[in-house]
Amino acid sequence: MSQKWTASELRASFLEYFKKQGHTEVPSSSLVPDDPTLLFTNAGMVQFKKAFLGVEKKNYSRAATVQKCMRVSGKHNDLENVGPSPRHNTFFEMLGNFSFGAYFKREAIHYAWELLTKVYGLPKDRFHFTVYRDDEESFKLWQEIAGVPKECIHRLGEKTNFWMMGETGPCGPNSELLWDRGLTYCDCGCPDCSPALDNDCNRWLEVWNLVFMEFNQDDSGKRALLPKPGVDTGMGLERIVAVLQNASTIYETDLFQPIFQKTRQLLKHSEEQMRAQYVPYRVLADHGRAMTFLLAEGVMPSNEKHGYVLRMVMRRAIRFGKKLGFKDPFLGEISKTVIEQMGGHYRELNERKDFILKAIAQEEERFERTLDEGLVRLSELMTGLEKQKQKVIPGSEAFKLHDTFGFPFELTMDVARERSFSVDRSGYEQEMEKQRERSRGQIATRGKTTEARPTISAPATHFVGYDRLDCESSMVGQAKDLIAFAETPFYADGGGQVGDTGWIENLSRPGQAEVLDTKHNEQGIHLHKIKVLSGSFEVGDKCRLRVDVEKRKRTMRNHTATHILHAALRQVLGYSQGIQAGSLVAPFELRFDFKHFAPLRKDEIDLVEARTNDVILDNLPVLVSFENLEDAKARGAMALFNEDYQGKEKVRVVQIGNEKPFSIELCGGTHVSRTGEIGGFKIIGEEGVAAGVRRVHVAVGEKLIAQFGEKENQLRQLAQMLKSTEKELLTRVETLLKERDQLSKELDSLKREWLSIKKDSLFSQKQSINGTTLVCARLDLSMDDLKMMADLLEPQIESGVIILGGTNKGKVALVSKVTAQLIKKFHAGEIVKTMTSIVKGGGGGSPRFAQGGGTDLTQLDRALKAGETWVREKAQL
């Protein structure tokens, strides 16, 4: 190992080596996979899953990737080990080479051995190998290709050396390459320490795992040979870097050390201080990487799914940062270091830097408000339990910490573990489920659905709807009320745009149908949901397909408007990268969600509308082209749905404007040919829909005209009601508001006069109880008026208690006031609580003043009597 490899060099050399072996370099897919069975991408093969299942055909048979991965959920949850363990991390990079029928065991073993020993220069005698117990071929190939003795090749069982994608599907034996770190790293204590013991000894570091997918397992557990076996390999970048840099742990490598040094610089720690607090340093290094990459993917901190994991990671990092001594927000500085270090390979980090830092600042500020208070509450809780000789925090208490102080359950477990406590997870989950039950029906799930659609076996549909809105085609499949054609002008829902509607006429036999919706399945077949109006339809029939032209035109106007809106929002709000979080593009609705941390101000809305309408009035051309993905990105195209474009030879680019485009996005939707066709643009609503996500509702074209007409009618009706002209309406309203304010003042003055007169009457009915003056009366007034009356009475009674109650608008109102010199003897809050319990209500306050209410009007007099009795009893003491 003469060369000192950096992580960046190693990452690049891996890809370069496999490109020389005829592999296509495929960019990392998203950390958030298009797979309902996974929360995060946790292996390199995830983006190739459909290819291995035979569902999707790639335009290459060999691939190499450096894949972003997260293991922080499900069975691969390493979170609680990050920090205490020098081996665990949540975010990591997986180097992988893949074959889809192009090569198998011999080539995979050759590539791995050549790269490790010849390119990276690792000594051959430091390696051991594992193979599946029945995989005789791999056992022999390692001897032949690597020239290693049999004693270094270990046969193990299914648990370690047989890989399965799931209960059914592609599977096969795997072979691991293990690096011997030396006896000093042995922690199993066995004199015959060897990989054959399969005991997870720290001496043996798994460097590379080669999976040979040669079988397909059915529901009964029977395995049959695949027609084209595949190869899926995975080598953790962090581990191979540690080996090549001769580092004792992954955290000693140049992947993590820049973050360690930045943290040390911010805290002004010495090297010794850093070494003494290595656990929190590891947490910040790992979690800083994880949060930065998740935010770059557009994940926002929240209490659901991906957002919950991000919030959990960030808040765990904040707590460990506090333990290190950070007083002010610091995560942004950690993230900047990650971006600087890794932005060269992962360009999205630099492109979305401003968004990432804003999101971090907002979450730190939000958690800062409750962290200290929550830690105090948790400490008090554990102290109380210790006094009762208990060491388990009840699930209900852990839930309260989550619900009140924003403490993720995992953070409570972290703190508890430090004081040798455990947490009742089952009780916590029961409380969480109760909360979900309460909130179900109130939360609309956003994003892609995983609705099962009937299977139709047919080739992918040829879509002709970009250029024409009717065609003749043969029917190739049918399932219930869904039918498919060889080609269709009907757009299938995707990218926020809804599916087309229209009509189908059967040319082979009598038959008419209305198309209610159009969707597509994973095989690329357009499924037309129909309502048969007359006759029948059968596979093989030739039909005429006609899209509803008016609805399509409205949809096209709305879709092009979303592109213009997105660009205008980025300009006005100062974002260099895409901020779209979702959209609904339909004939009669345009809804656009975007990532931003505050409501849009009026001046921002005005500016977005002005820029958008300028583009519409300029009647710019809307140009469509098909380009290589990297070429399109290089000239600024926004890839808003990355998962849809990976691996495609060409992508569809929609550009608005010629020489200096206003917008360039990758998009498969339908658009107008020039912006002037949109007609006009107006934001008619703005709201928050999730943490860091805003939504605007927009009117364009016919909807905008209808909106103007509706506003005009409202103005006309309002002018008539106020006996004014539309031109003078504002002046008329201002005059009426001034008159209202004056009348309100006069009414208040009259009310005070009346209350003053009534006050004298009440004072004359006062009682004297053992030297204490008591005024207790019923006045059917509002709460504010009762409080005013109490204020008026207080100076007159000098030393005493006031109790007033009444009914107003179907509710009971109660107030009590105690003069300053008597608050040690009488408590207004206790008086009110005594009364409100009788009228089925609640209330309270300070010793000087309290108020409350209730719903049982029939018990008001009894409640006032109870208040009087309470005062009498206290006065006698």
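Let us begin with a pair of residues: the bridge partner of Ile769 is Thr772, which belongs to strand S30. Strand S29, residues 767-769, and strand S30 pair in the antiparallel sense over 3 bridges. Strands here are DSSP runs of E with at least two residues, helices are runs of H or I with at least four, and both are numbered from the N terminus. Two strands are said to pair if DSSP finds at least two bridges between them.

A word on the basis of this talk. The model is predicted, so to speak of local features we require pLDDT of at least 70, while side-chain atom pairs count only at pLDDT 80 or more, and totals for chains, interfaces and linings use all residues. Residues are numbered from 1 along each chain as its sequence is written, and side-chain values use heavy atoms, with hydrogens and water left out.

Let us return to the strands. S29 and S30 form a hairpin with 2 residues between them, and Asn770 in that turn has a positive phi of about 50°. S30 also pairs with strand S31, residues 800-808, in the parallel sense over 6 bridges. There, Cys776 stands opposite Ile803 of S31. How does the chain cross from S30 to S31? The path runs through helix H22, residues 783-797, and this β-α-β crossover is right-handed. Right-handed means that, with the strands pointing away from the viewer, the path from the first strand over the helix to the second runs clockwise.

S30, residues 772-778, is mostly covered, with 5 of its 7 residues buried. Buried means under 20% relative accessible area, exposed means over 50%, and partly exposed lies in between, using a 1.4 Å probe and protein chains only.

Asn246 sits in the loop between helix H6 (237-244) and helix H7 (257-267), and is exposed with a relative accessible area of 68%.

We now turn to the interior. A nonpolar core is a set of buried Ala, Val, Leu, Ile, Met, Phe, Trp, Tyr and Cys residues joined through side-chain atoms within 4.5 Å. Which residues touch the most other members of the largest nonpolar core? Of its 149 residues, they are Leu116, Trp142, Trp208 and Ile240. Apart from this core lies another, of 23 residues, among them Leu774, Ala850, Trp870 and Ala875.

Leu116 lies in helix H3, residues 105-119, and is buried with a relative accessible area of 0%. Leaving aside neighbours within four places in sequence, its contacts include Phe127, Val207, Trp208 and Ile240, where contact means heavy atoms within 4.5 Å. Leu116 and Val207 are 91 residues apart in sequence, yet their C-alpha atoms are 9.8 Å apart in space.

Next, charge. Side chains of opposite charge can pair when their charged atoms come close. A salt bridge is a side-chain nitrogen of Lys or Arg within 4 Å of a carboxyl oxygen of Asp or Glu. By this rule the count comes to 60 salt bridges.

Consider Arg316 and Asp414, whose side chains meet in a salt bridge at 2.3 Å, N to O. This pair links distant parts of the chain, with Arg316 in helix H10 (residues 305-324) and Asp414 in helix H15 (residues 409-418), 98 residues apart. Arg316 is buried at 1% relative accessible area, and Asp414 is buried at 4%.

Glu271 forms a salt bridge with Arg275, the closest N and O atoms being 3.5 Å apart. Because these two are 4 residues apart in helix H8 (residues 271-276), about one helical turn separates them. Glu271 is partly exposed at 30% relative accessibility, as is Arg275 at 41%.

Not counting residues up to four places away in sequence, Asp856 touches Val812, Val839 and Lys840.
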